[in-house]
Amino acid sequence: MKEHKDFCIGFIGLGLIGGSIAKTIRRVYPHTTILGFDVDQNALSAALEDRTLSRTVTSIEAMHNCDYIFLCAPVHYNIAYLPILKRIMKDNCILTDVGSVKSDVCEAIHANELDGYFIGGHPMVGSERSGYDAANDRLIENAYYFVTPSASVSVEYTEKFRTFLEDLGAIPIIYSPAQHDEITAYISHIPHVIASCLVNLAADNEDQNGMLKQLAAGGFKDITRIASSNPVVWEHILLSNPCHITAGLKQFIDRLETMITAIETEDARRIYSFFEQARDYRNSVPEHATGVIRMNYEVYVDIPDEPMAIAKPVSLIGEADISLKNIGITHNREDNEGVLRLCFNTSEDATAAARLLREQGYPVYER
């Protein structure tokens, strides 16, 4: 793509994913024309202000000259735009999306006779945050990116899109739409439902003093972090991939009932086997893989109960030009020995910070 001085790319939706891909394109191909359409005027204004967008458009018809169009709105909104796109897209345009469900959009693509243009896409990234403010130009870097071409799209178009994604730093993997939906149900959609169930279970059993919320640290916060995701997005996802999600949830219920029986009958062997199997599979997952929710790299630090106790280690990290994503205080030490929780975007930053603080005499525990 670098030889195209007048390349034009349109984005319909500038949330976390759309905004991040647009930012990445601007970084990799600074001279590309990028058009943005979104019902959120604040997102459009922010994207213009930081120069991600070349200009905003008030109608999708204005994207008639685009070489790529990214559908980045919730799936049912994307489907509603297809009749307009069919009317205005130029012949060699590649139409893609970023949704985590493909069945509905592929059916709509076929109904609108857009199969020859459409190559579905789904970057396996995300965040507990949403919206353009959470977007960054490195979100898809070294991340797996599903490419799900329609049956009618040319091999040439698919290869062009795959190469484009590699240029942006992603790792494209080609699967059929049906295979994609089954995989993402088990590693993304069902975990989101379960995480939200756990949070709602705690909320339903909260006492009048709110102590569950105060004590919900360590493991509970880790396994339920994705429950903070955008509820509108997840409403659309669950209604778009019902077969795979309900099948997986029924399997989950069966496993829960098995464990209930094991506990009630004091079946120690079955209980041990349950946790052993989970531990072994979990330990086989690559530690530094980029998945649906981008990893936090965390360092825990014991600090004394005295003035400036938090400020000192944070200042040391800042003076060393190490990028710190977030900080927190852990009062419940069920999983951690340290009390000051420092979060980093990369393992390199976390390792450098841990080394620095140890050199200054702090007890440090890495995760």
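Two strands count as a pair if DSSP finds at least two bridges between them. Keep that in mind as you look at this predicted model, because strand β6 (residues 119-123) and β7 clear that cut-off with 5 bridges joining them.

**Strand β7 and its neighbours**

- On the β6 side, the two strands run antiparallel.
- Pro123 sits opposite Tyr145 of β7 in this pairing.
- β7 also pairs with strand β8 (residues 171-174), this time in the parallel sense, over 4 bridges.
- Tyr145 turns up again here, standing opposite Pro172 in β8.
- To get from β7 to β8, the chain passes through helix α5 (residues 155-167), and this β-α-β crossover is right-handed.
- A handy rule for looking at strands: in a regular strand, side chains alternate between the two faces of the sheet.

**Helices α10 and α11**

- Helix α10 (residues 242-264) packs against helix α11 (residues 268-284) at an angle of about 140°, and their axes are 8 Å apart.
- That angle makes α10 oblique to α11, because only angles over 145 degrees count as roughly antiparallel.
- From α10, the contact is made by Thr258, Met259, Ala262 and Ile263.
- α11 brings Arg270, Ile271, Phe274 and Phe275 to the contact.
- What kinds of residues make up this contact of α10 with α11? They split into 6 nonpolar, 1 polar and 1 charged.

Technical notes:
Residues are numbered from 1 along each chain as its sequence is written. This is a predicted model: local features need pLDDT of at least 70, side-chain atom pairs count only at pLDDT 80 or more; totals for chains, interfaces and linings use all residues. Side-chain values use heavy atoms; hydrogens and water are left out. A crossover is right-handed if, with the strands pointing away from the viewer, the path from the first strand over the helix to the second runs clockwise. Axes are lines fitted to C-alpha atoms, for helices over the stretch in contact, and angles run from 0 to 180 degrees between N-to-C directions. Angles under 35 degrees count as roughly parallel, over 145 as roughly antiparallel, 65 to 115 as roughly perpendicular and the rest as oblique. Contact means heavy atoms within 4.5 Å. Ala, Val, Leu, Ile, Met, Phe, Trp, Tyr, Cys and Pro count as nonpolar, Asp, Glu, Lys and Arg as charged, and the others, Gly among them, as polar.
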